[in-house]
Structure formats: C-alpha cells, structure tokens
Amino acid sequence: MNAFNLHRAYSVARKEVMHILRDPFTLALALGLPVMLVTFFGYAIDFEVRDIKVAVADRDNGPAARRLKEIFAASGYFRVLEPAGNPVEMLDSRRADAALFIEPGFSRDALGGRPARVQFVLDGSDNSKGAVMMGYLPGIQRAAATRLYGVEPPPAPLSIETRFLFNPELSSRWFMVPGLGAIIIGLLAILLTAMTVAREWENGSMELLLSTPVRPLEIIIGKLAPYGLLVLIGVFFVYLSARLVFGVPFLGSHLLFLLACLLFITAALSQGLFISVVTRQQQVAMQVGIISGLLPSMLLSGFIFPVESMPAFFQYFTMILPPRWFMEAARGIFLKGSGLAELAVPLLALAGLSLLLLALALKKFKTDLEP
Amino acid sequence: MTAGPALEVKGLSIKFGEFTAVDEVSFTVERGEIFGFLGANGAGKTTTIRMLCGLLIPSSGSALVGGLGFADGGKGIKKIVGYMSQKFTLYNDLTVGENLDFAAGLRKLEPRYAAKRRRELFGLIGFDRPLNTLVASLPGGVKQELALAAAMLHDPEIVFLDEPTSGVAPASRARFWALIRKVTALGKTVIVTTHYMDEAEQCGRIALMRTGRLIALGSPDELKASAFPGPMTELDFNGSAPAAFLENLEKAPGLLELSPHGMRWHAAFKDKAAMEAALAALPAAASCTLIKPSLEDVFIRLVEGVER
C-alpha cells in the first residue's frame, strides 16, 4: 500500500493496451506514420544540388570548347544549355543557375598548350546553391586540364587534402535520415501521451481512478509502458526504412542503439505526460505537444543547423532538449560506430532528462479534484 | 468493520480560493441508511460527496467515514468506500469484463475473489449478457447498473452515488432505485445525490442543501411537517386565476406559501383558522382540496423561498 504497487500499475497498463487495440487509428498512427514520414521526407531532404543549369555563351566554337562543355555535362551535376541570347538574362529570369563564357581563342590557346581562360558567372542570390556549385568547380577544372592538356596539372606548392571520415560519400541522406527519424519519433511519443491523461480528465474517468487507492506514479508508469512499447515498434520500422530504403550504414552496436532509443522515448513520453497532466485538456495538450515537440527539435537539435554554430545561449539551451542528445547518439551509432564511452554524455543527459520530466509530471499530478 | 455510524460529519467546510463551496455542514448517517442530498446545481452536493470519498481534503471541520478520518490524506477512506461519479461510468471502448477487471486491479482484488464478487453483483443487478460485450453497446440504464457493480466490487461498507440516474430513462430510474434498496438491505450505507423529487421521496433521510449550507435535514415526512405545520390546499380555479383574488391571498395573514403548479395553485397556511379566513372570498367557480405537501413544495419553501 505504502509505495509504488506494480499490480496497480500493471492494471492501468493493461487497460491502456485495450484502449490502443480498440483504436485502429492510434495503432496505425504509432506504427505506420513514422516510417511513412521518414521515407517520404527522407527523399525530399537532400542537400546535394544536381541538375544545375549552365547557360553557355560559346564564342569560340572550337573543339576544346566542345570538350569543356562535355565535361560539364558528364559531371552529373550540370546541364548545359546553349541559348541564343545573352546568358546573363537567363540568370535574371532564373532559367539558368550559372553562365559560362568561352571567348574566341580558347581552343587555340588550350590546344596550343598555352594557359586558357573561361568565365563562370553564378547566381549569388541563392547562396547555399552557389556554395555547392563552387565546390564542384575544382573537380571540373581538374578533369578539363587532364583532358585538354593530356597531363594532370602539377600539384600546387601547398595543398590541403580533404577526406571525409564516417560518411565518405558525404551523402546528406545518411546524415539526415537518422535525424529525421529522431524528430518524428519524438513528436509521436509526445503526442501519444499528451492525449492520455488529458482524456481521462476530460471524460471524468480520472475522478473515478482517484477514488480508488491508485497512486499517481502507478498511473504514470501504467500509461508510459504500453506507449513506450508501441513507439519502440515504430522505431524498428524507421530503422528498417533507413537501412533498406536509404542504405544508411549502421556501424555501431544495436544494443547501444536500443538503449539510446529507450532513453529518448522515455524522455519524450514523459514530456507528453507532463503536458497532459498540466493542461488536462486534449486540445490544448495537442497544441502544446506539437509546438514543444516540433520546433525545438527541428531547429535546435542539430538536425539542420549544427549546435556548435549557434550563439552561446542557444548552445546551452539545447542541452535541455532530448532530441539534441538523441540526434548526437543516433548519428554517432549509425555513421561512426560510436561506443558507450563516446556516447556517455548524451546517454546520461537523456537519462537525466527522462527522470526530470517524469518527476515534473508526477509533481504536477493533482490527486484532488479542486477546480 | 467498526461499529458506530457510517458517517459522522462536524462543521465540514471547503474553500476554493475565496469561494466557500461547502460551509459548516454537520450530520450523522447510520449504517444501512439511504441518505439523500437534495439541492440545485452548485448547492455543494457533489463537493460534499467528493470530500467524504477522500477525493477532496476539507479546509476545516471533521468527518469520520466508516470511523476513518483524513489524517492520511483520504487514502484509508478510499479503501472502504465505493464511488460512482456523475460524469463518467465505464470506459465505452472496453468490454464489461475489462472494465470490471480494471476496477478489481486498481483495488488489488484477488482474481478469484473478484470473479466471485462479479457473479454476486451480476446476480444483484440482474446482468446476464456476455462478459465480452462492449460497454458502448449497452443501454444507459444497464451501464449505470454496471457502474454501480464496479463501484461495489471491493465490497465497500459505504457507497456514494452522485446523481446516478441523470440522463437515464424513467423506467430504468425506477429499476435503479429498487437496486439501491437491495444494496441497503445487504447492510450497506448508500449516500446519493439527486435533484429528482420523486427519488428524494425514496430516501430514508434527506439533507437539503443550498449555496453550500445544509438548510434542512430529516425524513421526507419530517421535512414536510416542519416546513408545513398547518394545512395545505390545492386551488383549482377551473380556468385562469382571478388576479385580484390571488393578490389578496398573497397578503393574507397566516399564509406560508403560495406557488403555481400547472393550472392549479398550492397554498399553505399557519393553521386551519388562517386558511378558512383567507379562503372565505374564494370565487364560486373555484374548488379547493386539502392535500399533503410534496417534497417539491418543501423544496420550494425551504430553498427557493429563502432566495426571494
């Protein structure tokens, strides 16, 4: 009677399972929606820029100019357009992203072994795209030099060789998909529990629950457990989608990933419970759940913008966001094969936040019916 | 189970901020009674019941429920009482069996004991549908009876019913009251709130509440006798009542109460002499019959009369 009673918590959990099983909508939402969204948005979110339209003004018309155009087209990133008019007008009207000017004498110089120049004009109004284009140019230059002059260009006196560890292809999908999964799973978990306690207050059943010797902790654990299991199954489907559909490598330990997922899910479910306990109304709980579950995790978790480049205040602020820590853990386990030692901080932070949110929900759980 | 009264309430009050919802209420309920709370919405009936179930902690005063107080925050009380709330009965999306299992689980009943109680209670309420019937598919009256069974699964000494028949068909209401009498016949104490006068008539004693105060307490007959010591008559004018006569009647000395009841009027007087004097000028077309006051008359006199 005194402390937490497992039997009563189990009764609450069993009842909650029945609610879930009788409600195909919740079931479909929890199991199907995450994997659907991850697959859908996983295709959409891609930071690589392809099919850049280059308007070419070829005033040389020689064999070297033709070859240069072929090299651009063959790179897979550029599409060569040869408009009749001024290429810069194409930039203005956004029909092209860049313009390439090949002046007369280019072929003569290039084939004669003399230095040859072309001008590449790009649209700076979309700076992220511009930066990506700039990144592709050295490769094109290298390929062109090799083909036109028949020799590799001599190495510069000082050169910086870059090589990407962990995500050698720098595929943004490998990076984005685990993060996307974290955001969607987090939001789902918050929403599922945000509704449960508020529903009991709204339909009056909480009054009946409280008229029995059941304790708040038993109600909270009883509600947490079934939804935790449900969300975990949802995570499994997301994992399958990441591996099979997007081919994201998984270098770390599955056990460690399960632990990270459990901690993160507990934190998100507890956040939902806390919202539910405080608002006591399903609609308000839903709105608070979406706002608190979506915006911070999209913008401040490191999903899109790296935490390290945020202003100092936000770097500290992100520490109270479970998705920030899970993002770090999930990407580490997937792409770097990080172990327990490397992930100790995020895992401890997740555990701490889970406990904190649970304690808050428990503290705010009113056992009397004072209006 | 301890001896002594089921409820012993002294100066019980509760405040929500500045608002006093229940104000210095005192009464005693013996075991085996049907004790009713009668009053308008907001009179404090539900709040009083919630306190006595351990759902609200009183601001002041004392209450012993089955001999137990609030020292432990109402936890002891919750174990020995059964409560049926006004708003919610059973989970519609669960079956009858699942609902009762849940109630049993919350009270940590042994499965075998719970099954035995379930059979007994099904017998009591005359429920013979399968356990896997979805509650949503049951008629309102049956749902109400099942809710009572769920509230009594742990065999409580005292059962609190907050407007158990609101929104239920009249035939089902009568059935439910027969059930309440069966429950008290088993030695249980039933505390019930209602605003149906015919239901209040069936209580052993009634506590009349108004704006958080207990304004009268007694059996229906006692309440009628104390509210109307003299005779009461029903006036039938066989048509619309002459305004002048009514105006005079209202001012007549010894008139306690004059209230319209449909086309007729009820007039109560201090004594027989006052009645005869006041009705001397009764129009010829009108008839008057001596009647017994109903609880509704009592209610009008004691509750609404004060407000005038």
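Which residue is the bridge partner of Ser259(B) in β12(B)? The legends below begin with the sheet that holds the answer. This is a predicted model, in which local features need pLDDT of at least 70, side-chain atom pairs count only at pLDDT 80 or more, and totals for chains, interfaces and linings use all residues. Residues are numbered from 1 along each chain as its sequence is written, while chains are lettered from A and ligands numbered from 1 in the order in which they are written.

**View 1. An open sheet in chain B.** Here four strands line up in the order β11-β12-β10-β13, with antiparallel pairing. Strands are DSSP runs of E with at least two residues, helices are runs of H or I with at least four, and both are numbered from the N terminus; two strands pair if DSSP finds at least two bridges between them. β11 (255–261) and β13 (287–291) of chain B stand at the edges with a single partner strand each, so one side of each has no neighbour in the sheet. On average, neighbouring strands are turned by 25° against each other, direction ignored, with axes taken as lines fitted to C-alpha atoms.

**View 2. The β11(B) and β12(B) pair.** β11(B) runs antiparallel to β12 (residues 264–269) of chain B, and six bridges join them. And the opening question: Ser259(B) has His266(B) as its bridge partner in β12(B). Strands of a sheet pair through backbone hydrogen bonds, either parallel or antiparallel.

**View 3. Where chain B touches chain A.** In this view, 22 residues of chain B are in contact with 24 residues of chain A (C-beta atoms, placed from the backbone, within 7 Å). On the chain B side, α2 (75–80) and α3 (96–106) are the elements that give two or more residues; α3(B) gives the most, with four. That side divides into 11 nonpolar, two polar and nine charged residues, where Ala, Val, Leu, Ile, Met, Phe, Trp, Tyr, Cys and Pro count as nonpolar, Asp, Glu, Lys and Arg as charged, and the others, Gly among them, as polar.

**View 4. The two domains of chain B.** The assignment gives domain 1 (31–53 + 77–223) and domain 2 (229–292), with bounds from an automatic or database domain assignment. Their C-alpha centres lie 40 Å apart.

**View 5. Helix α10 of chain A.** The 26 residues of α10 (residues 254–279) of chain A should span 38 Å at 1.5 Å a residue, and the end C-alpha atoms are 37 Å apart, which agrees; the expected span is 1.5 Å times one less than the number of residues. Arg280(A) follows α10(A) and has a positive phi, near 60°.

Note on methods. Contact = placed C-beta atoms within 7 Å. Axes fitted to C-alpha atoms, helices over the stretch in contact; angles between N-to-C directions.
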